[in-house]
Amino acid sequence: MPAINGTNTTPTRPLRPGVWAPIPTFFLPNSQDLDIPTLKKHVIHIAHANIGILLCGSMGEAHHLSPEERILVITSAREALDSAGLHSIPIIAGTGAGSTRETIKLSKEAAQAGADYSIVIPSGYFTGALASDRAALKTFFKEVSEASPIPVMIYNYPGASGGIDMDSDLIEEMAMELPNVCGVKLTCGNVGKLTRIAATVSVPSFAQEYPRKNKDAPFLVLGGFIDFLLPSLYANAHGAITGLANLFPYTIAALWAASNATLPTSSGHPSNAAELLRQAQVLQGIVARADRTVAVTGIAGTKWMMEKRYGYGGVCRRPLSPLSNQAGETLLVHRHVTDIERLEKEIEMQKGLERKHLKNGVAIPNGNGVTKTATNGVSVSNTTPSPSGNSAFSSTSNASSSPETPTTSDAPSPVLSSSPVTATAAALGKKTKGAHSRSGSLTSSIRSLVGSRKGKKTVV
């Protein structure tokens, strides 16, 4: 098993382009204590869907957790992944705190607990002083990244930092000057900012002129929403961190695969590039509409939906209020949600998953279906993934260039491979004029990209 990070400066689990889910933190309904068994089974479920793991972020209600609780979340998630044989899956952990001193302390503790990378948001309590003080913001990330034993990702989210919105010039400066900074998450939703930063860091010369402290932790440019993943890859961005992946991880993984399939390789564009692009556009549209519709309901909406999908989700920690059942039922039948729900179910069926709405376990796929075995209340696969694990983090590509197209591995991959999925995509396509023919062959396009579980993977 890989050594726990924090004992040296070399991550044992490389950072690669892909899609991550910011994992919610689960609480017991009456005491509001941490619900660790639920956290463990959800982490395994998401990892098996080929989606990356991010803990203690905004979706994880990090602001509501004590430092000790954050460390317990990280330790528990690492234990869950390792117990399922997913040793190579990295963990990104939120370590932003009110002060530079506390952020550094938490980053060191997170590394010892099993985090491979940290993601840090500047404190917004004194935003009146910090928002316009570029030198103070740069100094904050400089001191944190230099003291952190694991690489640090910049988190730009004005809505959760009192309005602090770092511009592309400042982020590019930090990318050049701070070698232990490994990327940026842009939850500001500014596509122009993403494009400018990606244009700077994604050229081969950037990695040569501004090498990272660790070669396995390149500077990634990640969107904070999944609604523009496809076009962002054409701007040389590297993926996204999206709360929607907690609800529909297989559809999100399929979007990543389909989007990458449209990109040119060293030998040029595939012969069916136009058709692949049309299919990716249809899938992106389904995901983009659902992303916005669910996101406006906040953390409470995501947890309410999880309760319906998985039999767990629970409440937010107060003072956040739960979503009302009336609002939840309205969300559940919204066309944008039912469209992606239908597609997710079809993908699950084709991957051999049984839908298990159980409090004590979630369905995890293996080669022949779903295991019924549980370890410590967590359902795990009877098969052990290859050492490459989650393919988002096992590619040998240099992430400073454009994300690669799929390579081969034994790792799980999103597969759409039969007529029911085709029929679902076609039915969804009818909702938009002219989209029927596009979505009708969505399945075959992604199937040709991904292949079977035996020998293909995506860079997810």
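**Talking through the model**

Colleague: Is alanine 115 buried or exposed?
Modeller: Buried means under 20% relative accessible area, exposed over 50%, and partly exposed in between, with a 1.4 Å probe and protein chains only. Alanine 115 comes out at 0% relative accessibility, so it counts as buried.

Colleague: What sort of model is this?
Modeller: Residues are numbered from 1 along each chain as its sequence is written, and side-chain values use heavy atoms, with hydrogens and water left out. Local features need pLDDT of at least 70, side-chain atom pairs count only at pLDDT 80 or more, and totals for chains, interfaces and linings use all residues; the model is predicted.

Colleague: How many helices and strands are there?
Modeller: Helices (H or I, at least four residues) and strands (E, at least two) are DSSP runs, numbered from the N terminus. On that count, the protein chain has 17 helices and twelve strands.

Colleague: Which side chain makes a polar contact with the side chain of aspartate 116?
Modeller: Aspartate 116 sits in the loop between helix 3 (100-113) and strand 4 (117-120), and at 0% relative accessibility it's buried. A polar contact is a pair of N or O atoms within 3.5 Å; within protein, one must be able to donate a hydrogen and the other to accept it, and residues adjacent in sequence count only if both atoms are side-chain atoms. A polar atom of this aspartate 116 side chain lies 2.7 Å from the backbone nitrogen of isoleucine 91. The side-chain partner, at 2.6 Å, is arginine 13.

Colleague: And serine 31, how far is its C-alpha from that of arginine 317?
Modeller: Serine 31 is in the loop between strand 1 (18-22) and helix 1 (36-48), partly exposed at 42% relative accessibility. A polar atom of the serine 31 side chain lies 3.2 Å from the backbone nitrogen of aspartate 33. Serine 31 and arginine 317 are 286 residues apart in sequence, yet C-alpha to C-alpha the gap is 9.8 Å.

Colleague: At what angle do the axes of helix 5 and helix 6 cross?
Modeller: The axes are lines fitted to C-alpha atoms over the stretch in contact, with angles from 0 to 180 degrees between N-to-C directions. Contact means heavy atoms within 4.5 Å, and Arg134, Leu137, Lys138 and Phe141 in helix 5 meet residues of helix 6 including Asp169 and Met174. The axes of helix 5 (residues 134-147) and helix 6 (residues 168-177) come within 11 Å, and the crossing angle is roughly 35 degrees.
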